[in-house]
Amino acid sequence: MPLPLNCFLIAEATVSIFPVDAEGEVDISDPVFEGKQAESIRIAESFEEIEDRPTGDRYPTFRHGAQLHAIEIGKLWELSLDDTSTPPPEITLDAGASSPARDHVLLRDQEYVLCIVWQDEERPGSWHARTYFGVFDRSREIGAESFDE
């Protein structure tokens, strides 16, 4: 069972997700998304706890195994605010029609690399970057929100 260790929130960041091919190489030619603005990123860290019960010992011993992360992205902005000359992509409802719009769905059982870059709010001019390897999509939830708030 994982032991909760640390959880922190990043208010705003730039995120990129790249798929990993069958040979274990990162495929940077076809990112799921690259350099997109994200808000409310929650990163929870934990360790997998392993219990050893050697023969003859009165009490079990515990050790930490792999470090685990649960990463939630609250909002991901697809719109490019600096390029107002490009019209929004056309979306059609025809099943056979191709559309320039891209749906950013992470595939099941597909491994990814996630890169997060953010600026330190307490120290202006300081940037942080984290790269997570072996990223998989656990679940998806589309919540209904009221815009009248």
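Some ground rules before we start. The model is predicted, so local features need pLDDT of at least 70, side-chain atom pairs count only at pLDDT 80 or more, and totals for chains, interfaces and linings use all residues. Residues are numbered from 1 along each chain as its sequence is written, and side-chain values use heavy atoms, with hydrogens and water left out.

Start with the overall layout. The protein chain has 0 helices and 5 strands. Along the sequence the pattern reads β-β-β-β-β.

Now the surface. The accessible surface is about 12000 Å², by the Shrake-Rupley method with a 1.4 Å probe, and for residues only the protein chains shown count as cover. Carbon and sulfur atoms hold 51% of that surface. Of the 149 residues, 17% are buried. Buried means under 20% relative accessible area, exposed means over 50%, and partly exposed is in between, with a 1.4 Å probe and protein chains only.

Next, contacts, meaning heavy atoms within 4.5 Å. Take the contacts with a separation of 6 or more: 57% of them join residues 24 or more positions apart.

On to the core. Which residues touch the most other members of the largest nonpolar core? They are Ile 10, Val 15, Ile 17, Ile 41, Leu 114 and Ile 116, out of 16 residues in that core. Strands β1 (2-19), β2, β4 (112-119) and β5 (127-135) each supply at least two of the core residues. For the term itself: a nonpolar core is a set of buried Ala, Val, Leu, Ile, Met, Phe, Trp, Tyr and Cys residues joined through side-chain atoms within 4.5 Å.

Look at Val 15. Beyond its neighbours within four places in sequence, Val 15 contacts a list of residues that includes Phe 33, Gly 35, Ile 41, Leu 76, Leu 114 and Ile 116.

That brings us to Gly 35. Gly 35 sits in strand β2, residues 33-52. Gly 35 is partly exposed, at 42% relative accessible area. Setting aside neighbours within four places in sequence, its contacts are Thr 14, Val 15 and Ser 16. Cys 115 is 80 residues away along the chain, yet the two C-alpha atoms are separated by 9.0 Å.

Last topic: charge pairs. How many salt bridges does the structure hold? There are 5. A salt bridge here is a side-chain nitrogen of Lys or Arg within 4 Å of a carboxyl oxygen of Asp or Glu.

I'll show three of them. Arg 130 meets Glu 45 at 3.0 Å, N to O. Arg 130 lies in β5 and Glu 45 in β2, so this pair ties together parts 85 residues apart in sequence. Is Glu 45 buried or exposed? Glu 45 is buried, at 11%, while Arg 130 is partly exposed, at 29%.

Arg 63 is in β3 (residues 61-77) and Asp 52 in β2, so the parts tied together are 11 residues apart in sequence. Arg 63 is partly exposed, at 45%. Asp 52 is partly exposed too, at 28%.

Arg 123 is partly exposed, at 48%. Asp 120 is buried, at 16%.

Methods: Helices (H or I, at least four residues) and strands (E, at least two) are DSSP runs, numbered from the N terminus.
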